[in-house]
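Hello,

Please have a look at it first and then read on.

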Amino acid sequence: MRSTSVRPPAVAGMFYPGSSTDLARDVDDLLARAAVDVPAGASVPKAVIVPHAGYVYSGSTAALGFARLAAAADRITRVVLFGPCHRVAVRGLALPAAGAFRTPLGDVPIALPDLADLPQVVVSAAAHAAEHSLEVELPFLQRVLGDFELVPFAVGEVGGEDVAEVVDRLWGGPETVLVFSSDLSHYHPYAEAQRLDRETVDRLLALRGPIAPERACGARAVNGLLVSAARRGLVTELYGLCNSGDTAGDKRRVVGYAAIGVG
């Protein structure tokens, strides 16, 4: 039986606007600007890697990934979302106990898959309660896709093969898209961050893992995608790469962001 509890937004008004009107306007504006860079007839990726900082920092980069899903909005009904744990230690991949995630734009229903045979999958309300890496992606998905079911994982200490096992189990068909929430390097000077992040992105585009956690905070989940995608012989595309020094921060200590499609 699906839980009737709702996980309330934890970072509305901080990472993104707390008003539904302001949030819809800002997300729509970011998506509209990103759509300009989507070529006519561009393929829809099976998976996207997108950043999860405050929208003023990384929203324009995240939008580049989500804009690529718009052409398939009529068929995507399930989003499998992976994001790193920032506040609660977890061994494995944690599903929530709630039946829905709430944002100022409304509630997103949770679809809990039957993964009882996978020991790396646990249920933890605490892991999701204050975690922003999943939450900040939801308004983009709500504005692009409308109604959909969500399978959200807060990813802790876990190996790439264990994540790939979950990815493969939930791969699905054209109704399913996989979203991997990850920033890149943290708090290096601007030029050094550019060098480090370019190296990381080159590895991601080549599906050559594993990526070290200090190079991408969502590396543990992304490494599972790299394993699964390499086995399937998928192709990658870089939609955008920048850092907080390019958007809303100074250049002394920056955080890197990339949007990448896999399909």
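Y187 sits in strand β10 (residues 186-188), where strands are DSSP runs of E with at least two residues and helices are runs of H or I with at least four, both numbered from the N terminus. The phi of Y187 is near 70°, a positive value in a residue other than glycine. Elsewhere, G209 and P210 are joined by a cis peptide bond, with omega about 0°. P210 belongs to the loop between α7 (190-205) and α8 (219-232). As background, most residues other than glycine have a negative phi, and most peptide bonds are trans.

Before you go further: this is a predicted model, in which local features need pLDDT of at least 70 and side-chain atom pairs count only at pLDDT 80 or more, while totals for chains, interfaces and linings use all residues. Residues are numbered from 1 along each chain as its sequence is written, and side-chain values use heavy atoms, with hydrogens and water left out.

Now to a sheet. Three strands make up an open sheet of mixed pairing, ordered β1-β5-β6; two strands pair if DSSP finds at least two bridges between them. β1 (6-7) and β6 (106-109) are at the edges with a single partner strand each, so one side of each has no neighbour in the sheet. β1 pairs with β5 (residues 100-103) in the parallel sense over two bridges, and R7 stands opposite F101 in β5. β5 and β6 run antiparallel and are joined by four bridges; R102 has D107 in β6 as its bridge partner. These two strands form a hairpin with two residues between them. Helix α5 (residues 138-145) lies across β5 and β6, at about 90° to β5 (axes are lines fitted to C-alpha atoms, for helices over the stretch in contact, with angles from 0 to 180 degrees between N-to-C directions; contact means heavy atoms within 4.5 Å).

The whole structure holds five aromatic pairs, meaning Phe, Tyr or Trp rings (for Trp, the six-membered one) with centres within 6.5 Å; planes under 30 degrees apart count as stacked, over 60 as edge-to-face and the rest as tilted. The ring centres of F82 and F153 are 5.2 Å apart and their planes are at 15°, so this pair is stacked. The pair links distant parts of the chain, with F82 in strand β3 (residues 78-84) and F153 in strand β8 (residues 149-155), 71 residues apart.

One last item for you: P210, with its cis peptide bond to G209, and Y187, with its positive phi, are the places I would show you on screen.

Best wishes
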